[in-house]
Amino acid sequence: MPISDSELQRLASLIKAGRAARGWQQEKLADETGVGARTIKRYEGAQQPRPDREHLIAIFRVLDLDRRELAAILGILSRDELELPPEPARILSARTRELLELLEDPDLPDEERDAYAEMLRARLRGRRQRGSGSSDAPRRDARGIG
């Protein structure tokens with residue numbers, strides 16, 4: 001079953017943090033869990049929308065991560081049912097907030113809305129690949145204006 005982008009990001013963050021806390025490379029985590037290094041990389045890059053439950057159980061066990069988090073990520077139980085604190089609020093850049101507001105504008109023509117939506121998707125893909133919220137690339141308007 002696929003999980004949401006926000007849950008993929010949460011999963012990626014937990015695995016990266018758990019691995020970093022041990023000072024392990026992805027290959028070491030792969031060796032310890034029996035999960036392939038390429039699969040570990042996809043999990044940490046939030047690029048595995050249909051995660052394998054057994055893989056995640058092995059990863060969480062080896063990294064000694066709270067398995068209640070796994071149940072919440074997979075949608076088995078809610079954070080409230082598991083008595084977990086709410087997820088931290090996501091911090092969006094001013095440019096991303098601006099794009100979201102534009103997408104919500106009912107007067108925006110469909111063609112422009114599609115262009116802004118694609119720009120937002122590209123920003124989010126870039127953020128996942130870089131692992132941060134900043135961009136060094138020049139910003140361009142969705143209509144191609146500088």
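Reader: Where does glycine 36 lie, and is glycine 36 buried, partly exposed or exposed?
Author: In this predicted model, glycine 36 lies in the loop between α2 and α3. Its C-alpha atom is separated by 9.2 Å from that of glutamine 26, ten residues apart along the chain. Buried would need under 20% relative accessible area and exposed over 50%. With a relative accessible area of 38%, glycine 36 is therefore partly exposed.

Reader: At what angle do the axes of α2 and α3 cross, and in which hand?
Author: The axes of helix α2 (residues 26-33) and helix α3 (residues 37-44) come within 8 Å. The angle at which they cross is roughly 115°, and the hand of the crossing of α2 past α3 is right-handed.

Reader: Which residues make the contact of α2 with α3, and how do they divide by class?
Author: From α2 the contact takes Gln26, Glu27, Leu29, Ala30 and Thr33, while α3 brings in Ala37, Ile40, Lys41 and Glu44. Divided by class, the residues of this contact are four nonpolar, two polar and three charged.

Reader: Is glutamate 44 buried or exposed, and which residues does glutamate 44 touch?
Author: Glutamate 44 is found in helix α3, where it is one of the residues that make the contact with α2. Its relative accessible area is 5%, which is why glutamate 44 counts as buried. Leaving out residues up to four places away in sequence, glutamate 44 touches Ala12, Ile15, Lys16, Arg19, Gln26 and Leu29.

Reader: How are α2 and α4 oriented to each other?
Author: The axes of α2 and helix α4 (residues 53-63) come within 9 Å and cross at roughly 105°. Angles of 65 to 115 degrees count as roughly perpendicular. The two helices, α2 and α4, are therefore roughly perpendicular to each other.

Reader: Which residues make the contact of α2 with α4, and what is its make-up by class?
Author: On the side of α2 the contact is made by Leu29, Glu32 and Thr33, and on the side of α4 by Ala58, Ile59, Val62 and Leu63. By class, this contact of α2 with α4 has five nonpolar, one polar and one charged residues.

Reader: Is glycine 18 buried or exposed, and which residues does glycine 18 touch?
Author: Glycine 18 has its place in helix α1 (residues 5-22), and its C-alpha atom is separated by 7.7 Å from that of aspartate 64, 46 residues apart along the chain. Because its relative accessibility is 4%, glycine 18 counts as buried. Not counting residues up to four places away in sequence, glycine 18 touches Leu63 and Leu65.

Reader: Why are the buried residues of α6 on the same side of the helix, and which exposed residues does the face turned away carry?
Author: The buried residues in helix α6 (residues 94-104) are Arg95, Thr96 and Leu99. They are on the same side of α6 because they cover an arc of only 100° around the axis. In general, an α-helix has 3.6 residues a turn, so residues three or four places apart point the same way. The face of α6 turned away from the buried side carries the exposed residues Ala94, Glu101 and Glu104.

Reader: How many helices and strands are there in the protein, and what share of its residues is buried?
Author: The protein has seven helices and zero strands, which read along the sequence as the pattern α-α-α-α-α-α-α. Among contacts between residues at least 6 apart in sequence, 51% join residues at least 24 apart. Of the 146 residues in the protein, the buried share is 36%.

Definitions and conventions:
Residues are numbered from 1 along each chain as its sequence is written. This is a predicted model: local features need pLDDT of at least 70, side-chain atom pairs count only at pLDDT 80 or more; totals for chains, interfaces and linings use all residues. Side-chain values use heavy atoms; hydrogens and water are left out. Axes are lines fitted to C-alpha atoms, for helices over the stretch in contact, and angles run from 0 to 180 degrees between N-to-C directions. Helices (H or I, at least four residues) and strands (E, at least two) are DSSP runs, numbered from the N terminus. A crossing is left-handed if the near helix is turned anticlockwise from the far one by less than a right angle, and right-handed if clockwise. Contact means heavy atoms within 4.5 Å. Ala, Val, Leu, Ile, Met, Phe, Trp, Tyr, Cys and Pro count as nonpolar, Asp, Glu, Lys and Arg as charged, and the others, Gly among them, as polar. Buried means under 20% relative accessible area, exposed over 50%, partly exposed in between (1.4 Å probe, protein chains only). The arc is that of the directions from the helix axis to the C-beta atoms. Angles under 35 degrees count as roughly parallel, over 145 as roughly antiparallel, 65 to 115 as roughly perpendicular and the rest as oblique.
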